[in-house]
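Subject: Structure handover

Hello,

Here is the structure I promised to pass on. Please open it first, then read my notes below.

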Amino acid sequence: MKTFNDVLNEQMQNNEFKKEYEAIQPGMNVIRAIVDARTSQNLTQKELDRRSGINQADISKIENGTRNPSLKLLKRLADGMGMVLKIEFVPKENI
């Protein structure tokens, strides 16, 4: 049975797929960072709702990629998790 990485590596040989996949990675990285930060503290979306004042349904939409969060919203999420929002620019050759 093929793993996800096996299939991904095969698909990455297609230049059109690779271009689209790379284009969505910044958004996916944001989603991954939010979910990882929340789950590392054993917080449910509802608990983060109470801490941040952001409705649980909106947190769910952000985490499943159907809503793009603003910087203000990301800062509120970070505050709700007792964290600081950090955004950085990294040279392309370092990724």
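Does Gln45 count as buried or exposed, and at what relative accessibility? Gln45 counts as buried, because its relative accessibility is 17% and the cut-off for buried is under 20%. Please keep in mind that this is a predicted model.

**Around Gln45 and Glu63**

Gln45 sits in helix α3. Its side chain makes a polar contact of 2.6 Å with the side chain of Gln56. Leaving out residues up to four places away in sequence, Gln45 touches Arg38, Gln56, Ile59, Ser60 and Glu63.

Glu63 belongs to helix α4. Glu63 is also buried, at 13% relative accessibility. The side chains of Glu63 and Arg38 are joined by a polar contact of 2.7 Å. Beyond its neighbours within four places in sequence, Glu63 is in contact with Ile31, Ile34, Val35, Arg38 and Gln45.

**Helix α4**

This helix covers residues 56-63. Which of its residues are buried? They are Ile59, Ile62 and Glu63. Viewed down the axis of α4, these buried residues fall within an arc of 95°, so they line one face of the helix. What covers them includes α2, α3 (45-52) and α5 (71-80).

At the start of α4, a side-chain oxygen of Asn55 comes to within 2.7 Å of the backbone nitrogen of Ala57. After α4 comes Gly65, with a positive phi near 85°.

**Leu48**

Leu48 is another residue of helix α3. Its relative accessibility is 0%, so Leu48 counts as buried. What does Leu48 touch, not counting residues up to four places away in sequence? The list is Arg38, Gly53, Ile59, Leu77, Gly80 and Met81.

One distance to check on screen: Leu48 and Lys75 are 27 residues apart along the chain, and their C-alpha atoms are separated by 13 Å.

**The aromatic pair**

How many aromatic pairs does a search of the whole structure find? It finds one. The rings of Phe17 and Tyr21 have centres 5.9 Å apart and planes at 20°, so the pair is stacked. The cut-off for stacked is planes under 30 degrees apart.

Phe17 and Tyr21 are four residues apart in helix α2 (residues 15-40), which means about one helical turn separates them. An α-helix has 3.6 residues a turn, so residues three or four places apart point the same way. Are the two residues buried or partly exposed? Phe17 is partly exposed, with a relative accessible area of 30%. Tyr21 is partly exposed too, at 23% relative accessibility.

**The largest pocket**

The largest pocket has a volume of about 990 Å³. Its lining is made up of 24 residues. Pro26, Asn29, Val30, Ile87 and Glu88 lie nearest the centre of this pocket. Where does the largest share of the lining come from? Helix α2 supplies it, with nine residues. Both α2 and α5 give at least two residues each to the lining.

Best wishes

Definitions and conventions
Residues are numbered from 1 along each chain as its sequence is written. This is a predicted model: local features need pLDDT of at least 70, side-chain atom pairs count only at pLDDT 80 or more; totals for chains, interfaces and linings use all residues. Side-chain values use heavy atoms; hydrogens and water are left out. Rings of Phe, Tyr and Trp (its six-membered ring) pair if their centres lie within 6.5 Å; planes under 30 degrees apart count as stacked, over 60 as edge-to-face and the rest as tilted. Buried means under 20% relative accessible area, exposed over 50%, partly exposed in between (1.4 Å probe, protein chains only). The arc is that of the directions from the helix axis to the C-beta atoms. Contact means heavy atoms within 4.5 Å. A polar contact is a pair of N or O atoms within 3.5 Å; within protein, one must be able to donate a hydrogen and the other to accept it, and residues adjacent in sequence count only if both atoms are side-chain atoms. On a 1 Å grid over the protein atoms alone, a cavity is a set of points where a 1.4 Å probe fits but cannot get out, and a pocket is an open set with protein on both sides within 12 Å along at least five of seven lines; lining residues have an atom within 4 Å of a point. Grid points are joined across faces, edges and corners, and a volume is the space filled by probe spheres set on the points.
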